[in-house]
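The following exercises concern the sequence and model shown below. Each task is followed by a solution in steps.

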Amino acid sequence: METDRDFIQSIERGFAVLMAFDAERANPTLAELASATGLSRPAVRRILLTLQRLGYVRGDGPRWSLTPRVLSIGQHYSASHGMIETAQPRLLSLAEETGESASLAALDGTEVVYVARVPVRRIMSINVSIGTRVSAHATSMGRVLLAWAPPALVDEVVKAGLPRFTARTIIDEGDFRKALRTVQDQGWSLVAEELEEGLLSVSAPVRDASGAVVAALASSTSSGRSDVEKLRREVVPLVVRTAARISADLGHRVVPGAGREGFF
């Protein structure tokens, strides 16, 4: 059983410094990193010098930046995760069928992280790529993942707050939990303009051999090219079918008459 004695704080601090590099702090100073992480300047300095020796950051005067070596961390994840390799040709086929971007995402805490993607065109104001994190409560992928997540995780998402991104974002706890039950009942999620104006997305669950939902498959478009009824009629069947095929590739077998698996 894990205890505090098993927790290595220096590793936590090292990752905190690495994660502090983002679009707003692409070339931060030591002081900026200390402020972002809440660590002391001497501690941040030692961490940066260690990461520099390992080849993950470089210093240029008072400013620091990440090196391409950090990309190898994500590459190791992809290489060691058979689901991504299995799903990639299915994503490509879905993108070809719909003419829209196809993505695979997983939960990381209370956020959704893109783990595989076939982009067709840019549909969001942010540049979506593998590793991009988005809110779980306002996305079709997040709702699929949370619909079959343990109740404690759903409680954690609700407790963290349901921020409003657009006028259509569900921010009421009761409405949100009802939306998750609907997703589980129908087996897919369709979210229209809740994360960003004009963004429409359909998702379905991907299961492993044990039946657990391990990812969400999504097809995304814009309100300028489609609408909710068209997505429901034409895209939902394609996404559900593709998700089922990926699940079958991962060893999942549907048991007739077993009913829907889940917590709600």
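**Exercise 1.** Which residues does R177 touch, not counting residues up to four places away in sequence?

Solution. The model is a predicted one, in which local features need pLDDT of at least 70, side-chain atom pairs count only at pLDDT 80 or more, and totals for chains, interfaces and linings use all residues. Residues are numbered from 1 along each chain as its sequence is written, and side-chain values use heavy atoms, with hydrogens and water left out.

Step 1. Locate the residue: R177 belongs to helix α8. Helices (H or I, at least four residues) and strands (E, at least two) are DSSP runs, numbered from the N terminus.

Step 2. Apply the contact criterion, heavy atoms within 4.5 Å. With residues up to four places away in sequence not counted, R177 touches V154, D155 and V158.

Step 3. Look for a polar contact, that is, a pair of N or O atoms within 3.5 Å; within protein, one must be able to donate a hydrogen and the other to accept it, and residues adjacent in sequence count only if both atoms are side-chain atoms. The side chains of R177 and D155 make such a contact, at 2.7 Å.

**Exercise 2.** Determine how α6 and α8 are oriented to each other, and describe their contact.

Solution. Step 1. Axes are lines fitted to C-alpha atoms, for helices over the stretch in contact, and angles run from 0 to 180 degrees between N-to-C directions. The axes of α6 (residues 140–147) and α8 (residues 173–186) come within 9 Å and cross at roughly 80°.

Step 1. Angles under 35 degrees count as roughly parallel, over 145 as roughly antiparallel, 65 to 115 as roughly perpendicular and the rest as oblique. The two helices α6 and α8 are therefore roughly perpendicular to each other.

Step 2. On the α6 side, R143, V144, L146 and A147 make the contact; on the α8 side, F176, A179, L180, V183 and Q184 do.

Step 3. The contact residues divide into 7 nonpolar, 1 polar and 1 charged. Here Ala, Val, Leu, Ile, Met, Phe, Trp, Tyr, Cys and Pro count as nonpolar, Asp, Glu, Lys and Arg as charged, and the others, Gly among them, as polar.

**Exercise 3.** What is the strand order of the open sheet of 6 strands, and which strands stand at its edges?

Solution. Step 1. Two strands pair if DSSP finds at least two bridges between them. The order is β5-β4-β3-β8-β7-β6, with antiparallel pairing.

Step 1. β5 (133–135) and β6 each have a single partner strand, so one side of each is left without a neighbour in the sheet.

Step 2. Direction ignored, neighbouring strands of this sheet are turned by 35° against each other on average.
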